[in-house]
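Subject: Structure for you to look at

Hello,

Here is the structure I promised to hand over. Please open it first, then read my notes below.

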Amino acid sequence: IDLTYDLASNVLHVHADHVSQRLERHYLHKLVVSVNGEVQAPIYYHRQAAPSGFDSNVSVQAKPGDLINIKLSCSQGGSKSADLIVPEPLVRSKVK
């Protein structure tokens, strides 16, 4: 599972490798996001978009230093979790 967070737009991007040849029957069907232990409402999916994996962009309010945890569950059973600590924004200096 790969997680990235866009601080400017408050969007969490979730990518998971999850191979399926029958997308209507075998797919990642539930995503649960928590921020600093506070669980948000689960998001349910009815199909996986690609046979090679799962991608989703989720609106999440977080600030630098917050711990985001996600749990993905498969329609055939099984689940995996991943964590991300929201990084500080990059500061770019101007070159004179």
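One term before the findings: two strands count as paired if DSSP finds at least two bridges between them. Strands themselves are DSSP runs of E, at least two residues long, numbered from the N terminus. Please also keep in mind that this is a predicted model.

Now the whole chain. It has 8 strands and 0 helices. Read from the N terminus, the elements run β-β-β-β-β-β-β-β. The C-alpha atoms fill a box of roughly 55 × 30 × 15 Å along the principal axes. The chain has 96 residues, and 34% of them count as buried. Take the contacts with a separation of 6 or more: 57% of these come from residues 24 or more positions apart.

Next, the sheet. S1, S2 and S6 form an open sheet of 3 strands in the order S1-S2-S6, with antiparallel pairing. Strand S1 (2-6) and strand S6 (53-59) are the edge strands, each pairing on one side only. On average, neighbouring strands of this sheet are turned by 15° against each other, direction ignored.

S2 also pairs with S6, in the antiparallel sense, over 7 bridges. Asp-17 stands opposite Gly-53 in S6. Ala-16 stands opposite Phe-54 in S6.

Which residues of S2 are on its covered face, and which on the uncovered one? Leu-12, Val-14 and Ala-16 are covered. Val-11, His-13, His-15 and Asp-17 make up the uncovered face. In a regular strand, side chains alternate between the two faces of the sheet.

Last, the largest pocket. About 160 Å³ of space lies in it. Strand S2 (11-17), strand S7 (67-74) and strand S8 (79-85) are the elements that give two or more residues to its lining. Ala-16 and Asp-17 turn up again here, among the lining residues. Others in the lining include Ile-1, His-18, Leu-28, Leu-72, Cys-74 and Lys-80. By class, the lining has 5 nonpolar, 4 polar and 2 charged residues.

Best wishes

Methods
Residues numbered from 1 in each chain as written. Predicted model: local features only at pLDDT ≥ 70, side-chain atom pairs only at ≥ 80, totals over all residues. Heavy atoms only, no water. 1 Å grid on protein atoms, 1.4 Å probe; cavity = no way out; pocket = protein on both sides within 12 Å on 5 of 7 lines; lining within 4 Å. Points joined across faces, edges and corners; volume = space filled by probe spheres on them. Helix = DSSP H or I, 4+ residues; strand = E, 2+ residues; numbered from the N terminus. Nonpolar A, V, L, I, M, F, W, Y, C, P; charged D, E, K, R; others polar. Axes fitted to C-alpha atoms, helices over the stretch in contact; angles between N-to-C directions. Buried < 20%, exposed > 50% of the residue type's maximum accessible area, 1.4 Å probe, protein only. Contact = heavy atoms within 4.5 Å.
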